[in-house]
Amino acid sequence: MRPAASEIVRVTDVVKEFRSGAGLRKKRVLHGISFGVREGEIFGFVGPNGAGKTTTLKILMGLIRPTSGRAEILGHDVGETDFRRQVGFLPESPYFYEYLTGREILGFYARLCGVPRALRGGRVEALLSQVGLEAAADARLRTYSKGMLQRIGIAQALVHDPRVVFLDEPMSGLDPLGRKEIRDLILKLRAEGKTVFMNTHILSDVELACDRVAIIARGRIVHEGPIDAFLDGGERRSDLVLGAVSAALAAALEERFAAQLQPVGDRVEVRVREKDVDAVLRAALEAGASVLSINPHRVSLEAVFLSAIEAGERAS
Amino acid sequence: MSSAALLGEASAPPGLATAALRRLAGISAIAGNTVREAVRSRLLYTLLGFGILLICAGVLLSSLSYVETDRILQDVGFAAMRFFGVAIALFVGVGLIHKEVERRTIYTILSKPLSRAEFLLGKFWGLALTVWMQLGIMAAAFAAVSWASGAPLGRAHAAACLLLGVELVVVVAIATFFSAFTTPMLSSLFAGGLWLVGNLTRDLREIGSGSELPVVRHVTVWLHRLLPDLASFNLSLEAAHGLPITALDVWLPVLYGAAYVAVVLVLAVAIFERRDFR
């Protein structure tokens, strides 16, 4: 598959097999997955535990070699190293040298990334401030809480101001405030023009932050596309609550707009395509009905997610 | 502050010198951190303490003899430096890479613009520097004890310490090689076993050369070629006995050690490149 012009990450037919037992048996964990991430978007890589999310991310980070297929970031094969000057990575539940302080660990990673000595100190201070760890900058990492480690993890991923950032479960284990802070930081990265690849199984985070998603189940991509299209199955709908609906109006709504009607007491709930809302309202008002409320309808992400996974599993 | 500035990039791609400097900076960052981690090890200080204790105990042991007291003192000193130097190289060295993988600190490091070879070289040099620092401390203790006891000290002693340093670097390379793909327990067994055999390969070849069976002669010759000839780094006998040492006695083993280390590290990198960090 040819990469789209604005694609910053391209995974093509990647297969990964691990040897198990005495090394004679092979277990295939990725079955030829393909997807792309566009520049400047927040891309959610979503799937249940054991689906192959972290394996895919480790392949992108060069920690695992694919058995076959190709993975590229910024047009470079992930086996190369120099392009990683433009890539940041936060692993799941990150571990760092616990005997170093927050300031020291960021200095260490800045040095690894080739940040010039003259700029290193300023960059470290700016990041400590950005992730809210100035007060704990000189404390050893062994004294950090999980949330603080997650924040220092994000800071080290950004220490060289990369173009694309890969985050593995960035909000796992955080309290609601911590999750909001990290989410805001991710949205800020997008506002700065960076591309964010986010591995997660927390659907609410996907819904709130991601522009596009790929869903992986049992090592296969079962869906890839914009989050809105995914949520609405490609078609947005709205729920209208009408009063004084005559039998003729009800029949007309069903016939002309394929509306779904549900009587509730003396009212009727009407679910219609979003593009038909104006016409339905006109028809209702002309027929003497009253409009009590209009609400855009959203299917729960969890329901769509589960149905996508089930559909994918049936197909495979 | 622009991204390009942070990345230390000009508009043109970096030249060879800049690229080489970047690689050296990455290796030195890993090496520096390895030293920092290693010197936090209590085991290291325990081994170092025992080494210095044994060097000092040489005074007591030599006082039990009426003849060649200086030789006994220095034989014990060299033996202590060799044994505890190797022990430090093995026990501190074999776990360094394994710990990075087990604690998953390697994930963030290898996601940076640092190749696996540079990471491995950084770990190797960090451990080599640590071992040399410990050897330096033991050598200082050895010199102090010899000076206080009136035992002779000269260039031969310095040459013997230098070659001991080379031997320890060979052991560090072997430990790094095994730690690139196996557990600390197995690494220490394999590397320790190789050190023992490496001190015997010259004798094995001598014994094999007297055999009537050609296969035995060939096998012992090849074992001597493949396994490290660690006896070639041992000038302690010459130093303690005041025997003459030529420049070739020193520089040939140094060159041999450098070549052996290079080959072992190339093999280590080849294996490490293929590893999956699951």
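## About the model

This is a predicted model, in which local features need pLDDT of at least 70 and side-chain atom pairs count only at pLDDT 80 or more, while totals for chains, interfaces and linings use all residues. Residues are numbered from 1 along each chain as its sequence is written, with chains lettered from A and ligands numbered from 1 in the order in which they are written.

## Domains of chain A

Let us start with the overall layout. Chain A splits into domain 1 (7–232) and domain 2 (237–297), with bounds that come from an automatic or database domain assignment. The C-alpha centres of these two domains of chain A are 46 Å apart.

## Sheets of chain A

Helices (H or I, at least four residues) and strands (E, at least two) are DSSP runs, numbered from the N terminus, and two strands pair if DSSP finds at least two bridges between them. One open sheet of chain A has four strands, ordered S2-S1-S4-S5 with antiparallel pairing. Strand S2 (25–38) and strand S5 (76–77) of chain A each have a single partner strand, so one side of each is left without a neighbour in the sheet. Inside this order, strand S1 (residues 7–20) and strand S4 (residues 68–73) of chain A run antiparallel and share five bridges; here A:Arg10 stands opposite A:Glu72.

A second open sheet of chain A has six strands in the order S6-S7-S8-S3-S9-S10, and its pairing is mixed. Its edge strands are S6 and strand S10 (220–226) of chain A. S6(A) runs parallel to strand S7 (residues 164–168) of chain A, with four bridges between them, and A:Leu90 faces A:Leu167 in S7(A). Helix H5 (residues 176–191) of chain A packs on this sheet and touches S3, S7 and S8 of chain A, where contact means C-beta atoms, placed from the backbone, within 7 Å.

## Strands S11 to S13 of chain A

Strand S11 (residues 237–243) and strand S13 (residues 267–273) of chain A are antiparallel over seven bridges, and A:Asp239 has A:Arg271 as its bridge partner in S13(A). S13(A) also runs antiparallel to strand S12 (residues 260–264) of chain A, through five bridges. S12(A) and S13(A) make a hairpin with two residues between them, and A:Gly265 in the turn has a positive phi of about 65°.

## A helix pair in chain B

Over in chain B, helix H8 (residues 155–179) packs with helix H9 (residues 184–198) at an angle of about 145°, their axes being 9 Å apart. Axes here are lines fitted to C-alpha atoms, for helices over the stretch in contact, and angles run from 0 to 180 degrees between N-to-C directions. Among the residues making this contact are B:Phe178 of H8(B) and B:Trp195 of H9(B).

## Helix H2 of chain A and the chain contact

Ten of the eleven residues of H2(A) are buried, so this helix is largely enclosed by the rest of the structure; a residue is buried if 20 or more other C-beta atoms, placed from the backbone, lie within 10 Å of its own. These buried residues pack against H3 and helix H4 (146–158) of chain A, together with helix H2 (16–38) and helix H6 (105–110) of chain B. After H2(A) comes A:Gly114, with a positive phi near 80°.

The contact between the chains takes 31 residues from chain A and 28 residues from chain B. On the side of chain A that touches chain B, H2(A) gives the most, with four residues.

Definitions and conventions
Two residues are in contact if their C-beta atoms, placed from the backbone, lie within 7 Å. A residue is buried if 20 or more other C-beta atoms lie within 10 Å of its own, exposed if 12 or fewer, and partly exposed in between; C-beta atoms are placed from the backbone.
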